[in-house]
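Colleague: I would like to learn how to read a protein model, one feature at a time. Could we look at one together?

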Amino acid sequence: MSVIPFTPHDTVTDAATITDGTALGTVLGVWAHPDDEAFLSGGLMAAARDAGHRVVCVTATLGEHGTPDPDEWPPDRLGRVRRHELDASLAVLGVDEHHLLGITDGTCAAMPHDAMVRHLGRVVEAVEPDTIVTFGPDGLTGHEDHQTVSSWVTAARAAVAPRTRLLYATTTEDFVDGWEPARDDFDVFLADGLPVRTPASELAVHLRLDAATLDRKVVALRAQASQMTGLIAAVGERRVRQWWAEEAFVSADAVPATTRTWGTWRVAA
Ligand SMILES: [Zn+2]
C-alpha cells in the first residue's frame, strides 16, 4: 500500500508559472486610466491577439487630470487627446474591442460601489473571458483609482464568474532593483512597501517580452505621448524598455484578503 501525503497547499497552489501570453484564452482587462493597460499588459494583449484570442479592454477614466500643466491641458482637452492616444496604442497591439466607463479621473472611489460591480459583472458575463487582468488591492502604485477598480473587478468576478482566472498585476524583485535608482526622481509609488517585491515563485503569469514584442509595446506606449514624452525625455527609452520588459501577475486567489491600508493618491479636482 502506498500513501499519498496530503498537504494543505495542494488545493491552492497549482502548476508552474505561465510564461506564454497565448495560453490565457479570451482576455478581459480592466484598468483605471489610459496607459495602465499598455504598461502592465501590452505584451500580454499583443500575444493573445496574435494567437487569435479575443481581447477586450475596459478603461474607467480618460486620465484627463494626468498633467502637471492643467492650464495648457485643461481636462476636456487632455481627455480628448488621451482617448485618441489610447485608440492608437491599442491598435498597435491589435486590440479592437475597447470600452470606456466614462468616470471622471480621480473619482472612482466616489462612484457607487455596488452599481459599478453590477456593471462590470454584466461586462464579464457578456465577454465570458478565460482570464481577467487588473490591479491588485495595492493598486500597483497605491493610486486610489487603481485600488478602486481592483475592488470592483474582484467583486464582479466573485459574483458572476468565480471560476474565471483573475490576475493582479504586480512588480518583481528584478523590477524593483531596476527601479531603485530612479525612485527619487519618479516616485510614482505612493506608499511604503510599494513597489511590491513579488518573488518569481509566487507569480501566476510572468512574461518576459522578446525584443520584437518589446519594440511593439514601446510603440504602443509612445502612442500615448501626453504621458510618455516627458518620461522618455527624462530617463531615456533604454530604461523605459528595461522596466517594462516583463509583465507579471499573481493569482487573485493566492492574495489574502488584506486589511492593510496602502497609500492612496487623489486628484485635487
Ligand atoms: Zn493609472
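Colleague: Let me start with a single residue. In which loop does Glu128 lie?

Modeller: Keep in mind that this is a predicted model. Glu128 lies in the loop between α3 (113-127) and β4. Its phi is near 50°, a positive value in a residue other than glycine.

Colleague: Is Glu128 buried or exposed?

Modeller: A residue counts as exposed when its relative accessible area is over 50%. Glu128 is at 62%, so it counts as exposed.

Colleague: Which loop holds Asp35, and what is the phi of Asp35 near?

Modeller: Asp35 sits in the loop between β1 and α1. Its phi is near 95°, again a positive value in a residue other than glycine. Buried means under 20% relative accessible area. Asp35 has 9%, so it is buried.

Colleague: How do I read the chain as a whole?

Modeller: Begin with the secondary structure, which comes to nine helices and seven strands in the protein chain. Then take burial: buried residues make up 47% of the 269 residues. Contacts come next. Among those between residues at least 6 apart in sequence, 82% join residues at least 24 apart.

Colleague: In what order do the strands form the sheet?

Modeller: The general idea comes before the case. Strands of a sheet pair through backbone hydrogen bonds, either parallel or antiparallel. Here seven strands form an open sheet in the order β3-β2-β1-β4-β5-β7-β6, and the pairing is mixed. From one strand to the next, the twist averages 20°.

Colleague: Which strands run parallel to each other, and how many bridges join them?

Modeller: One case is β4 (residues 131-135) with β5, a parallel pair joined by five bridges. Within this pair, Thr131 has Arg165 as its bridge partner in β5. Another case is β2 (residues 55-61) with β3, which pair in the parallel sense over five bridges. There, the partner of Thr59 in β3 is Leu100.

Colleague: Which strand runs antiparallel to β5?

Modeller: That is β7 (residues 246-251), joined to β5 by four bridges. Ala169 has Phe249 as its bridge partner in β7. Strand β5 (residues 165-170) is mostly covered, with five of its six residues buried.

Colleague: Which helices lie on the sheet?

Modeller: Take two of them. α1 lies across β1 (27-31), β2, β4, β5, β6 and β7, and runs at about 90° to β7. Helix α2 (residues 75-93) packs on the sheet and touches β2 and β3, with its direction at about 155° to that of β3.

Colleague: How far does helix α5 reach from its first C-alpha to its last?

Modeller: A helix can be checked by comparing its span with the span expected at 1.5 Å a residue. Helix α5 (residues 144-160) has 17 residues and reaches 24 Å, close to the 24 Å expected. Its buried residues include His146, Val149, Trp152 and Ala156.

Colleague: Which atoms coordinate the zinc ion?

Modeller: The donors are His33 (ND1), Asp36 (OD), Asp36 (OD) and His146 (NE2), at 2.1 to 2.6 Å. Asp36, in helix α1 (residues 36-50), and His146, in helix α5, are 110 residues apart, and the pair links distant parts of the chain. The donor residues have the sequence spacing H-x2-D-x109-H. Asp36 is buried at 7% relative accessibility, and His146 is buried at 6%.

Colleague: How do I judge the geometry of such a site?

Modeller: Ideal angles at a metal are 109.5 degrees for four tetrahedral donors. The four donor atoms of this zinc ion make angles of 54 to 136°, and the site is irregular.

Colleague: Where does Pro195 lie, and what kind of peptide bond runs from Leu194 to Pro195?

Modeller: Pro195 lies in the loop between α6 (173-179) and β6. The bond from Leu194 to Pro195 is cis, with omega near -5°.

Methods. Residues are numbered from 1 along each chain as its sequence is written. This is a predicted model: local features need pLDDT of at least 70, side-chain atom pairs count only at pLDDT 80 or more; totals for chains, interfaces and linings use all residues. Side-chain values use heavy atoms; hydrogens and water are left out. Helices (H or I, at least four residues) and strands (E, at least two) are DSSP runs, numbered from the N terminus. The expected span of a helix is 1.5 Å times one less than its number of residues. Buried means under 20% relative accessible area, exposed over 50%, partly exposed in between (1.4 Å probe, protein chains only). Two strands pair if DSSP finds at least two bridges between them. Donors are N, O and S atoms within 2.8 Å of the metal (3.2 Å for Na, K and Ca); water is not among the atoms, so sites may look incomplete. Four donors count as tetrahedral if all angles lie between 85 and 135 degrees; four count as square planar and six as octahedral if opposite donors are over 155 degrees apart and all others between 65 and 115; anything else is irregular. Axes are lines fitted to C-alpha atoms, for helices over the stretch in contact, and angles run from 0 to 180 degrees between N-to-C directions. Contact means heavy atoms within 4.5 Å.
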